[in-house]
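Subject: The structure, and what I found in it

Hi,

Here is the structure I promised to pass along. Please have it open while you read, as the notes follow it piece by piece.

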Amino acid sequence: MPPPADIVKVAIEWPGAFPRLMEIDQKKPLSAIIKEVCEGWSLGNHENYALQNADSTNFYITEKNRNEIKNGSILRLTTSPAQTSQQLHERIQSSSMDAKLEALKDLANASRDITFAQEFINLDGISLLTQMVESGTERYQKLQKIMKPCFGDLLSFTLTAFVELMDHGIVSWDTFSVPFIKKIASYVNKSAMDTAVLQRSLAILESMVLNSQDLYQKVAQEITIGQLIPHLQGTEQDIQTYTIAVINALFLKAPEEKRQEMAHILAQKQLRNIILTNVIRSTKPINEEMAHQLYVHQVLTFNLLEDRMMTKMDPQDQAQRDIIFELRRIAFDVECEPNNSGSIEKRKSMYTRDYKKLGFINHVNPAIDFTQIPPGMLALDNMLYFAKHHQDAYVRIVLENSSREDKHECPFGRSSIELTKMLCEILKVGELPSENCRDFHPMFFTHDRAFEEFFCICIQLLNKTWKEMRATSEDFNKVMQVVREQIMRALTAKPNSLDQFKSRLQNLSYTEILKIRQSERMNQEDFQSRPILELREKIQPEIMELIKQQRLNRLCEGTCFRKISCRRRQDKFWYCRLSPNHKVLHYGDLEEHPQGEVPHDSLQDKLPVADIKAVVTGKDCPHMKEKGALKQNKEVLELAFSVLYDSDEYLNFIAPDKHEYCMWTDGLNALLGKEMTSDFTKTDLDTLLSMEMKLRLLDLENIQIPEAPPPIPKEPSNYDFVYDCN
């Protein structure tokens, strides 16, 4: 007969004694269980003791998390959180350097547990740590030269404990004083500082800026871009990552009127070139967090264009109209005529003729073309940049189109406006950075005017594609669709420079796009005859079962999920995988990102599939309804899903990417006997159905298909027959 569901068999350790095996009744109060354990070892004052997981986390067992105890768990009897907090509170104030160092090390480890953190914070522990940072460390300044490693460790553990305690979100960031901020900033501003201290100081400054507008003002007064840049020129990628994160945070929280000023300072300090040289072109591979920070920096840089993108042209503004006059002057090599030269009607007629050649929709007053937002004045800025910095190409495009027959001319003005709008959509100008995205493009870090250069390459591509398509004005939207496809396909290759991007576009001519489309159509061809449709209907259940098995196998392999809160970069992970018999979900916390699969026995927690009531996604998830930045992030919303069990309990997920999101939601729905509805399922179904249909329709009469694949031939003695056709 199986044991009752409320009885859990565990082992409990106590220092200096043999572990005890005992059965815990989950219906009993936790205090009664602790009392029983203490009596077994003849320990009095049971209220001063608590149970703790005997694993790498050492988290306390509480009434809230006691249901996570599973059969076979190993627990440890230890001093209660309140007692431990009191002891550490006293130990970190020791006059002995060695004792203080050991106490701070223990505090840094214990602070990861929210139960301990709450007790330590209740003792005003964070204030004590801030006082130690502000003034306590000064007592050891004289010892720093002779005991530098010890001093660095002391400060490092102090700041680590502070970061871990603040990470729980119990205390508001607004409570910190200016002297504390100055002290943290001083560690960042020093040229030679312990790496661990510098890393944690940068992390604290980033969190301060992101979580408090008031602290942003104070941090901005203490830290300058010039003081941060030397940290990017080192070789430690973690330090470089935190440094870019602080710069991004300052940029993100800066008031609208100060962002352009800050961008100017970044340009003066050659930040872009430093990042390109020391990070992107470094010999070290770029890790995920660095890729995310580079993506954020790219987005924030392009978002500086939003103001111009959303500014309409004022047809009465003479300075703005002068830009259009300049475009005309450069294109047709004419000087502005004095007011008395010719009649007004003659000048108007001449201007109208030239504006028509320039490809504006409104030939009489082209300023009207720039009243559409987006792209607003940004389109005019791009046109002027192209005309001044790529004058030969600009003049050639305008003149060759003005000399064509009307029906085949490519309107430069209209094309530039629509292209600018398209590029803003592709680069998502004006949108906040995504929480999980790492999609940065190295080529945008190779030029100070990257967006304008990007436009210059693409407007020449548009003109080339227009000629290749022999397009007329009626084909304008078709041309724009082809150009968008060319740009998107070229960007997918992540070119390292603008020249590489240009070369990639050269290989994506209109003819090549047609070939790619034709190939994709053939791969997804859907015959509509009745016998073929009947065959599809017959095959489809088999294919769906195959997809279902693939999804379940993927769940059995498991996935590592990142824990995300208001401070994004925590480097805390948890892993979840389905048991081979598809009956239990195993999950548990991890110290670091795993290199491969995590074994079932190392995942402490279990959730029977039979207990799962439903799977919810997006804004219906409980962790998306909580207050905080994640709620506002569209990207995170699209990757969030939750498993509902035991009526009001949830297991919350945020998938690392769209692929994993689809795999898990499909797999969980398959386990519940529900339909798999993700985009990936539809794509896989179409691909596999098309492949199976073509195989079944092949004329294979009298052709024997081998059971085993043919052997791989030996490598040739040389490769002289290989030619580089490029």
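Below is what I found, from the whole chain down to single residues.

**Before you start**

This is a predicted model, in which local features need pLDDT of at least 70 and side-chain atom pairs count only at pLDDT 80 or more, while totals for chains, interfaces and linings use all residues. Residues are numbered from 1 along each chain as its sequence is written, and side-chain values use heavy atoms, with hydrogens and water left out.

**The whole chain**

The chain has 726 residues, of which 46% are buried (buried is under 20% relative accessible area, exposed is over 50%, and partly exposed is in between, with a 1.4 Å probe and protein chains only). Its C-alpha atoms fill a box of roughly 110 × 85 × 60 Å along the principal axes. You will find 30 helices and 11 strands in the chain; these are DSSP runs numbered from the N terminus, with helices being H or I of at least four residues and strands being E of at least two.

Among contacts with a separation of 6 or more, 67% are between residues 24 or more positions apart (a contact means heavy atoms within 4.5 Å). The mean pLDDT is 86, and 90% of residues reach 70 or more; pLDDT is the predictor's confidence in each residue, from 0 to 100. In residues 142-148 the pLDDT is below 50, and this stretch has 4 contacts in the model beyond near neighbours in sequence.

The domain assignment gives domain 1 (7-79), domain 2 (83-305), domain 3 (310-335 + 343-520) and domain 4 (540-682); such bounds come from an automatic or database domain assignment. Between the C-alpha centres of domain 3 and domain 4 there are 44 Å.

Strand 3 and strand 4 (residues 74-79) run antiparallel and are joined by 5 bridges, with L51 opposite L77 of strand 4.

A second open sheet has 4 strands in the order 5-6-7-8, with antiparallel pairing. Strand 5 (559-562) and strand 8 (605-608) stand at its edges. Strand 5 pairs with strand 6 (residues 573-578) over 4 bridges, and F561 stands opposite W574 in strand 6. Helix 26 (residues 530-557) packs on this sheet, touching strand 5 and strand 6, and its direction makes about 135° with that of strand 6.

Strand 6 and strand 7 form a hairpin with 5 residues between them, and H582 in the turn has a positive phi of about 60°. In strand 7 (residues 584-590), 5 of the 7 residues are buried. Strand 7 is joined to strand 8 by 4 bridges, and H586 stands opposite K606 in strand 8.

**Cysteines**

How many disulfides does a search of the whole structure find? The search finds 0, where a disulfide is a pair of cysteine sulfur atoms within 2.5 Å. For C576, the nearest cysteine sulfur is that of C556, 11 Å away, and C576 is buried at 0% relative accessibility. The sulfur of C621 is 14 Å from the closest cysteine sulfur, in C662, which is too far for a bond.

**Backbone details to look at**

Most residues other than glycine have a negative phi, and most peptide bonds are trans. A cis peptide bond joins I373 and P374, with omega about -20°, and the bond from P374 to P375 is cis too, with omega near 15°. P374 is in the loop between helix 18 (344-357) and helix 19 (377-389).

N45 has a positive phi of about 50°; this residue is in the loop between helix 1 and strand 3 and is exposed, at 51% relative accessible area. K494 also has a positive phi, near 50°, and is partly exposed at 31%.

Best wishes

Definitions and conventions. Pairing = 2+ DSSP bridges. Axes fitted to C-alpha atoms, helices over the stretch in contact; angles between N-to-C directions.
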